[in-house]
Amino acid sequence: MTTITGQEELAAGLARALARIGLPAATGLERLSGGANMESWRFVAGNDACVLRRAPSLEMMAGRPLDHAAEAALIRAARAAGVTAPEVLVELGPDDGIGSGFVMRALPGAPNPAQILAEADPATLLPEIARELAAVHRTDPASVPVPVMDTAAALAELKARFLAYGGDRPILALACRWLEANLPAPVAPRLVHGDFRLGNLLIEGSHLTGVLDWELAHLGDPHEDLAYGCMTVWRFSRPDRPAYGLGSVADLASAYEAAGGDAFDPARFRFWLVYRTFWWALGCLQMGGFWRAGHDRSVERVVVARRCAEQELDLLLLLEGDAPQAERSRPLPPPVPVAEPGPGEPSGAEILTAVSEWLNTEIKPLVSGRAKFDLAVARNALGIVAREFDQRPQAHDAALAAELLAGQADLATPGLLARLRRMALDKLSADMPKYPALALARAQWNQGET
């Protein structure tokens, strides 16, 4: 494993890279929060505010279809084509000794979704998002080695990953089977950003000032980008506003077509919405694998792995409309009972709660910046484990998953939908109880639980 963790080592390697373009050594080097796969560091070099984007370990770049050199070249091509992309200043080299990545000139604006949704005017921002999507899809990356996505082959790879991760999550098996049965016809491939969502867009006021994080770019179906930003997880606190938490899918589609994008196809859009939700569920599980392998031993990595429960709920909400009315109306099985604390010594869950409270009252006032973010993640992790002790149901059922993958069970199977609904509710209530779609699911399924 080749992970660079010391900030002094990072600063020294960065100075070597900056010297190649005549910039002085970095000052004010600060790790930015966020980023499920890559690190981002903000700093100043002379009069220039910059951002370093790098992999936490060289092993994490192994097998990626788009390495950092290709990503930097693609960003330059997109910027030249009119996309509001950052200016790439220099790529890291082997002699810099700090892994793989590149330096960009910092752009104005912030990527924080909560801030964006609180401050931006949807009537202004959503059309600008649509405009950028259309510009991305018009970009010609002929000089850049961007991978071409074959949807059937990509789905087969996702299925293989699901099986490698145990193949025992019934809701994921249901989604995989649905995707196999609903593959859309191929289209002329266009440049697809692959991660176009709030959190990867810089926004200043109500205006889009930067499109970031191009590591998943490929040639494929533009509807993939349209659907990805409409996933429930990327609506953040506004699950009832499907398009980026800002408006309706119809609003997004209309603005995209007006900006020169292709005609919107609802069936193709639905396929990609299910596909990318399934994809992200597997991505969450993969985070646990990264942690176990030692590529990134951060608490954030294992907490993100538990967000698979969010995607399972979202997949069931996306697919349950295909079930017969009798199954959609069937009452749910009773919930898993929550363990009540006893009068004796504190339970493991109570001990974890005590540690979390101590971190909040004694340690939180002492930290700032990235450490404050990491502390919040650690407290979230303690809460997950405490709730698991008390109430998390069994999350695996290999036999049922195999039946779903083989088409031997489906949403018309009596009682199956109700069972999967209960599984999704109880699992997410333990893992991520503040996920906004959980309250919507309870209401939709006529649950009075809190």
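**A pocket and a sheet in a predicted model**

Helix α9 gives the largest share of the lining of the second largest pocket, eight residues; helices here are DSSP runs of H or I with at least four residues, strands are runs of E with at least two, and both are numbered from the N terminus. The model is predicted, so local features need pLDDT of at least 70 and side-chain atom pairs count only at pLDDT 80 or more, while totals for chains, interfaces and linings use all residues. Residues are numbered from 1 along each chain as its sequence is written, and side-chain values use heavy atoms, with hydrogens and water left out.

The second largest pocket holds about 880 Å³ of space. A pocket is an open set of points on a 1 Å grid over the protein atoms alone, where a 1.4 Å probe fits, with protein on both sides within 12 Å along at least five of seven lines, and lining residues have an atom within 4 Å of a point. Its volume is the space filled by probe spheres set on the points, which are joined across faces, edges and corners. P65, E157, R161, L216 and W279 are the closest to the centre among the 31 lining residues. Both α5 (151-164) and α9 (266-293) supply at least two residues of this lining.

Turning to the sheet, five strands form an open, antiparallel arrangement in the order β1-β2-β3-β5-β4, where pairing requires at least two DSSP bridges between two strands. Strands β3 (residues 48-54) and β5 (residues 101-105) are joined by five bridges, and C50 stands opposite R105 in β5.
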